[in-house]
Amino acid sequence: ISFYLTKEKTRYLCAFIFLFSSLLCYSQLSDFNFSVSATDETCSGNGALEMTVSNTTPGASIIYTLYLLPDSTNPIAETTANLQSGNYRVIATQILGSEENSQQQDITINDLKTDLDFEISHNTTTNCDVNGTIVVTVLSGDAILYEIISGPVIVPAQDSNEFENLPSGTYIIRVFDNCGNALSKTYTMLLNTNNLSISDVT
């Protein structure tokens with residue numbers, strides 16, 4: 001049996017093959033690139049993950065799913081901000097119509113938090129001074145504000161770690177760090193007093 005194709009039939013057949021091939025190519029999602037970078041936790045719950053994708057299929061959407069390892073079954077959130085330190089798995093799913101493909105990456109948010117701690121001392125210019133300067137020395141953490149909340153003199157929050165011209169007495173000093181945490185300590189400042197006694201000459 002002979003089969004003949006006219007020029008017009010050949011043209012239609014080629015157009016059909018081209019369209020069919022294009023649809024097959026279009027229905028296959030691209031093997032996209034996926035990367036994750038971490039911001040470590042320096043204050044409670046301020047860790048974060050940032051995702052980057054490239055070479056995605058035009059018109060496709062990307063959905064991220066987050067797991068706190070070792071639990072890789074139950075996702076914890078769809079947000080990647082305000083995270084605690086830990087080991088995480090992020091799955092990026094590319095969706096277009098009924099087609100989808102995914103990439104995953106494991107990453108660690110490190111715990112870089114530092115507890116605030118400080119010590120207190122005082123100094124005077126001379127031994128005869130009736131007023132002194134209380135000095136706060138930070139031992140750990142990142143202190144940003146200092147205040148006296150109780151004592152003979154109340155001092156509102158300031159960025160200096162020294163409180164000048166204070167009389168003797170017991171003070172409560174509160175220090176704030178850059179995370180908004182506060183720590184209070186009590187300090188008693190005792191200044192030297194010189195008692196002068198004068199008597200008659202015999």
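Is Asn161 buried, exposed or partly exposed? This is a predicted model, and in it Asn161 counts as partly exposed because its relative accessibility is 28%. The close-ups below start with that residue.

**View 1. Asn161 sits in a loop between two strands.** On one side of this loop is strand S9 (155–158), and on the other is strand S10 (162–167). Look for the side chain of Asn161, which reaches the backbone oxygen of Val136 at 2.7 Å. Val136 is also on the list of residues in contact with Asn161 once neighbours within four places in sequence are set aside, along with Ile134, Val135 and Tyr146. For another landmark, find Val138: 23 residues separate it from Asn161 along the chain, and their C-alpha atoms are 8.8 Å apart.

**View 2. Strands S8 and S9 make a hairpin.** Strand S8 covers residues 143–150 and pairs with S9 in the antiparallel sense, over 2 bridges. To get your bearings, pick out Ile148, which stands opposite Val155 in S9. There are 4 residues between the two strands, and Gly151 in the turn has a positive phi of about 145°.

**View 3. Thr57 is a buried loop residue.** Here the loop runs between strand S2 (48–54) and strand S3 (61–68). Thr57 has 8% relative accessibility, so it counts as buried. A polar atom of the Thr57 side chain lies 2.8 Å from the backbone nitrogen of Ser30. Leaving out neighbours within four places in sequence, Thr57 is in contact with Ser30 and also with Leu29, Gln94 and Leu96.

Note on methods: Residues are numbered from 1 along each chain as its sequence is written. This is a predicted model: local features need pLDDT of at least 70, side-chain atom pairs count only at pLDDT 80 or more; totals for chains, interfaces and linings use all residues. Side-chain values use heavy atoms; hydrogens and water are left out. Buried means under 20% relative accessible area, exposed over 50%, partly exposed in between (1.4 Å probe, protein chains only). Contact means heavy atoms within 4.5 Å. A polar contact is a pair of N or O atoms within 3.5 Å; within protein, one must be able to donate a hydrogen and the other to accept it, and residues adjacent in sequence count only if both atoms are side-chain atoms. Two strands pair if DSSP finds at least two bridges between them.
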